[in-house]
Amino acid sequence: MSTESVNPAVDAAVTAPPAVAGPLGSGAPVLAFDVGGTDTKAALIDDAGRLAEVLRLPTPHDGPGTGDAVMRTIDGMAAGLRAQHPEIVPRAAGLLVPGHVDDDAGIGIFAENLGWHDFPFRDRAEQSLGLPVSFSHDVRGAGEAEHRLGAAAPFRDVVVMAIGTGIAGAVFLDGRIHTGGGMAGEMGHSRVADGPACACGGMGCLEAVASAAAIARRYNALTGAEVHGAREVLARAEAGDDAARSVWDSAVDALALDLSHTVALLAPEAIVIGGGLAQAGPALFGPLAEKLERILTFQRRPVLLPASVGENAGVIGAGLRARDLLAAAEATS
């Protein structure tokens, strides 16, 4: 593969090496896009299910114009992938975005961290890519990858929770994903405290207390420091910083409270946790399990598990959905 840039939109991209084996298995080649609050990933998946290449770029933030800016980024990444791999001809694409999403209408209704309202992502993507496009929520897509290929696979009643820039979950009941008209799994916007204010307009939402971004933000507000992520706060807590320990402990308390509500309502067999905060490993899972146990009484105890598909779960889920779209079309033709 040439090291020269084929498109200005991918100049700053970080590329992942080709996978040795295809996690998706054999099927149609597809494009896959996972838009997150911080980064946007694009992948080209070949007919053996291998990720031929994965690109990552910062997600553009342009207030009400963010939807258009995201589409320009996606178009540039797609052009770069196609130019670098002309031998792989995608037949469909999968697109995942955060926020409140209407899967059926193909619309990003609202993303509090990114600023769009009622943006027609699927129509725009189909026009620009010239392909049929499957469209869904970023965490639901990554959750489907975990449910088919990862830690959630053994369970029929399971919640896959992502804790990163925001917090959300993919809910599987009796082996099927439950979308609730696009509103299911918005765990980050359940109230767990009296404050701080959340970008959604609420007060004390889980996302404002315990997301990776919120942990850093709350520590900085408390101390006047300028840490850039939850990992730094945890490191300071483990080094004896009382303010960092207070912020970290309160975040885990809020997560345990929120999960207790999830357990009471859905009685999942397992809760699989991914996203940036899950990288804390035992520093998160040990205290979280202990705090959840202290809250629960007669309820089913879910197994708490780290996500296992890895950092590319979103594009893998988008790729699976793109193949599902083709399979459904073939089944009805």
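Contact here means heavy atoms within 4.5 Å. All views show a predicted model.

**View 1. Packing of helix α3 against helix α9.** Helices α3 (residues 138-149) and α9 (residues 313-332) pack with their axes 7 Å apart, at an angle of about 85°. α3 is therefore roughly perpendicular to α9. From α3, Gly141, Ala142, Glu144, Ala145, Arg148 and Leu149 take part, meeting Ala313, Gly314, Ile316, Gly317, Leu320, Arg321 and Asp324 of α9. This contact comprises 6 nonpolar, 3 polar and 4 charged residues.

View 2. Aspartate 324 and arginine 148 are joined through their side chains by a salt bridge of 2.3 Å, N to O. The partners, in α9 and α3 respectively, are 176 residues apart and link distant parts of the chain. Aspartate 324 is partly exposed at 33% relative accessibility, as is arginine 148 at 37%.

**View 3. Salt bridge between aspartate 103 and arginine 140.** The closest N and O atoms of this pair are 2.6 Å apart. Aspartate 103 lies in the loop between β6 (100-102) and β7, and arginine 140 in helix α3. Aspartate 103 is buried, with a relative accessible area of 16%; arginine 140 is also buried, at 2%.

**View 4. Buried face of helix α2.** Phe121, Ala125 and Leu129 are the buried residues of α2 (residues 121-129). Their directions fall within an arc of 40° seen down the axis of α2, so they line one face of the helix. The elements covering these residues include α1 (66-84), β2 (30-35) and β5 (92-97). Glycine 130, with a positive phi near 70°, follows α2.

Note on methods. Residues numbered from 1 in each chain as written. Predicted model: local features only at pLDDT ≥ 70, side-chain atom pairs only at ≥ 80, totals over all residues. Heavy atoms only, no water. Buried < 20%, exposed > 50% of the residue type's maximum accessible area, 1.4 Å probe, protein only. Helix = DSSP H or I, 4+ residues; strand = E, 2+ residues; numbered from the N terminus. Arc of directions from axis to C-beta. Axes fitted to C-alpha atoms, helices over the stretch in contact; angles between N-to-C directions. Parallel < 35°, antiparallel > 145°, perpendicular 65-115°, else oblique. Nonpolar A, V, L, I, M, F, W, Y, C, P; charged D, E, K, R; others polar. Salt bridge = Lys/Arg side-chain N within 4 Å of Asp/Glu carboxyl O.
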